[in-house]
Amino acid sequence: MITFKVDNLKDMNASLQGFAEYLKDCSLTDDEVFFGRLVGCELITNVIRHCGEMAQFSGGVQDDRIVICVSSDGGEKFSLCPKLPELLAESGRGLYIVNVICDGDLTLSGNRITARIKLGRTLF
């Protein structure tokens, strides 16, 4: 399992590279590594951009899933976008993408979101 805290997008990319390497070391496919990094990026970006706070990240492989948990330090709550937002909407696309990649396997608990990506998933 990998854990880190990040409060800016530049540091996020470096930290997520470590997570991607961890996933590769777990013998995941390139597609699985891509999905894990994408979900982590979207969730962390939401905390930093929309909550204006430090994001706490933990991610690992459990059984047949990549499990990613992201929370905000300040207690801002997540909300999901279950439907595709309007084409030109300024928000909602990231969480919609996460929801699709995770096949709806998301859990919200206050300021924490847990996303589970089934292994074996391939690019569209």
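**View 1. Helix 2 against helix 3: the axes come within 9 Å and cross at roughly 145°.** Helix 3 covers residues 93-101. Axes here are lines fitted to C-alpha atoms, for helices over the stretch in contact, with angles running from 0 to 180 degrees between N-to-C directions. Helices are DSSP runs (H or I, at least four residues) and strands are too (E, at least two), numbered from the N terminus. This is a predicted model, where local features need pLDDT of at least 70, side-chain atom pairs count only at pLDDT 80 or more, and totals for chains, interfaces and linings use all residues. Residues are numbered from 1 along each chain as its sequence is written, and side-chain values use heavy atoms, with hydrogens and water left out.

**View 2. Who touches whom between helix 2 and helix 3.** Helix 2 passes helix 3 in a left-handed crossing (the near helix is turned anticlockwise from the far one by less than a right angle; clockwise would be right-handed). From helix 2 come Phe-35, Leu-38, Val-39, Glu-42, Leu-43 and Asn-46, and they meet Gly-94, Leu-95, Ile-97, Val-98 and Ile-101 of helix 3; contact means heavy atoms within 4.5 Å. The tally for this contact is eight nonpolar, two polar and one charged. Ala, Val, Leu, Ile, Met, Phe, Trp, Tyr, Cys and Pro count as nonpolar, Asp, Glu, Lys and Arg as charged, and the others, Gly among them, as polar.

**View 3. Helix 1 packed on helix 2.** Helix 1 (residues 9-25) and helix 2 (residues 30-51) pack at about 155°, with axes 10 Å apart. The crossing of helix 1 past helix 2 is right-handed. On the helix 1 side, the contact residues include Leu-9, Met-12, Leu-16 and Phe-19; on the helix 2 side, Val-33, Gly-36, Gly-40 and Ile-44 are among them. That contact splits into ten nonpolar, five polar and three charged residues.

**View 4. Two cysteines, buried or exposed?** Cys-102 has 2% relative accessibility, so Cys-102 counts as buried. Cys-26, at 31%, counts as partly exposed. Buried means under 20% relative accessible area, exposed over 50%, and partly exposed in between (1.4 Å probe, protein chains only). A search of the whole structure turns up zero disulfides, a disulfide being a pair of cysteine sulfur atoms within 2.5 Å.
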